[in-house]
Amino acid sequence: MYKEHHSVMNHLNPKGAVNKKKDLRAKLKLALKILKIAGFLLIIISMLWGCIQMYQKDYVVSQIIDMTGTKVFAPGTAFEIVITSLGEIGGKTHIGGPEIEYGYNGITSWAEAFSRTGGSLFYGLFVYPMGFLLVGILKGFSGTLNPDLSTSQQQAYGIAAFFSIFFTVLIVKTITLAFSWKSQKNQEKMQMLQLKQAEITAKYKGKKDTQSRQKQQMETSALYKKEGLSPMGAITGSFASLPFLFAIYAVVRSTRALKVANIGAISLIEAPWERLTHGEPIYIVLLVVYFPLQVVSMLLPTILQYVKQKSSTLTEAQRKARKKQLIMQLVMMVVFIFVVATVSSGVAIYWILSSSYQISQTLGFHFYNQKQVKRGDRERQRRLRQMNKTTKQIASKQTTSK
């Protein structure tokens with residue numbers, strides 16, 4: 001019996017071919033969604049694992065005061081990343097003199113980043129790759145990872161360390177932008193959506209019955225759908241940069257190439273507040289530079305939205321929502337200032353550069369969105385003029401024919 005070729009059948013039954021394509025697209029879309037969720041969960045789990053692990057007593061060397069009142073370093077296992085493949089030489093680090101030293105697990109390869117940390121995904125997937133990237137850039141600028149710190153080479157090495165952090169920020173922020181592109185692009189729209197959502201929350205305030213909760217959820221989902229946004233997308237964008245933030249903290253603490261680096265009189269391994277209390281005022285520069293940058297980077301989206309909607313009237317619920325949002329941002333600023341004052345100076349410099357990048361990114365997306373809006377308005381006006389022209393031509397022809 002004659003067996004029709006599938007191409008002939010597709011030609012005779014085009015709807016079947018279209019349905020198959022739709023099914024394939026739906027399956028690919030579902031697979032991509034599952035992959036995104038799995039990747040997001042992996043990032044969050046590894047980040048939480050790493051955060052808890054970094055502060056376990058077996059993973060840190062902590063400073064304590066003994067019975068005589070002398071500050072000594074408590075025993076523990078500290079991880080030190082030594083990139084031997086790039087020519088770096090490791091060794092035990094002396095603290096406070098040749099008689100005091102601590103043991104450490106020298107991580108010299110990607111495999112050891114897993115094996116020496118008990119299979120830590122955080123060290124294996126984030127800390128070591130980020131440390132390798134930063135150290136590689138540092139060597140490219142300085143030409144060495146084993147500087148003679150007693151000579152003028154120290155200053156050149158410190159400048160190289162600064163630029164290695166700078167380019168690491170650019171690379172890391174670009175990577176995280178790939179995950180949060182949609183949420184960053186729609187940041188202003190997201191803030192407006194939160195104000196609209198405040199209206200829905202106020203509408204069902206105090207109503208705890210199942211029917212009211214279902215209606216609130218349905219209205220919220222309809223609002224997101226209308227704006228073309230996803231709550232999951234917003235959460236993903238917010239969390240995308242956190243593992244890298246914690247990783248740079250671990251990198252500065254554990255990477256030998258940064259432990260020995262000074263930028264001017266500022267040591268990258270020292271905490272600003274600790275050195276300020278020991279009579280080294282130069283470290284206040286980090287806080288003075290960081291504070292205004294952090295304020296601007298956090299408040300800039302709100303300020304741009306306020307300027308954009310200055311002529312519009314907000315409801316009482318929207319005003320309360322905006323006030324609450326502002327208070328939360330101010331609290332976060334205070335927390336960040338406290339954290340920056342107590343972490344390593346290298347992390348503070350990373351955050352200063354990261355905040356500068358964030359300001360540029362926010363302004364870039366703002367002007368891009370403004371340009372898109374103007375382009376859309378011009379396109380609508382062009383279409384309207386074309387429709388009016390066509391209408392006049394039809395009317396003219398009808399008049400002529402009569």
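Arginine 382 is partly exposed, with a relative accessible area of 41% (buried means under 20%, exposed over 50%, partly exposed in between, with a 1.4 Å probe and protein chains only). Let's start from this residue and work through a few exercises. The model is predicted, so local features need pLDDT of at least 70 and side-chain atom pairs pLDDT 80 or more, while totals for chains, interfaces and linings use all residues. Residues are numbered from 1 along each chain as its sequence is written, and side-chain values use heavy atoms, with hydrogens and water left out.

**Exercise 1.** Find which residue forms a salt bridge with arginine 382.

*Solution.* Step one: apply the rule, a side-chain nitrogen of Lys or Arg within 4 Å of a carboxyl oxygen of Asp or Glu. Step four: check the cover of glutamate 379, which is partly exposed at 30% relative accessibility. Step five: look for shared partners; salt bridges join Glu379, Arg382 and Arg383 into one network.

**Exercise 2.** Decide whether arginine 275 and glutamate 280 are buried or partly exposed.

*Solution.* First, note that their side chains meet in a salt bridge, 2.6 Å from N to O. Next, take arginine 275: its relative accessible area is 16%, so this residue is buried. Then take glutamate 280: with 25%, this residue is partly exposed.

**Exercise 3.** Describe the aromatic pair of tyrosine 128 and phenylalanine 132.

*Solution.* Begin with the count: the structure holds 9 aromatic pairs (rings of Phe, Tyr and Trp, the last by its six-membered ring, with centres within 6.5 Å; planes under 30 degrees apart are stacked, over 60 edge-to-face, the rest tilted). Tyrosine 128 and phenylalanine 132 are one of these pairs, tilted, at 6.3 Å centre to centre and 40° between the planes. Now locate them: both lie in helix H4 (residues 121-142), 4 residues apart, about one turn of the helix. Finally, compare their cover: tyrosine 128 is buried at 6%, whereas phenylalanine 132 is partly exposed at 33%.

**Exercise 4.** Say where valine 135 lies and whether this residue is buried or exposed.

*Solution.* Valine 135 is found in helix H4. At 0% relative accessibility, valine 135 counts as buried.

Definitions and conventions. Helices (H or I, at least four residues) and strands (E, at least two) are DSSP runs, numbered from the N terminus.
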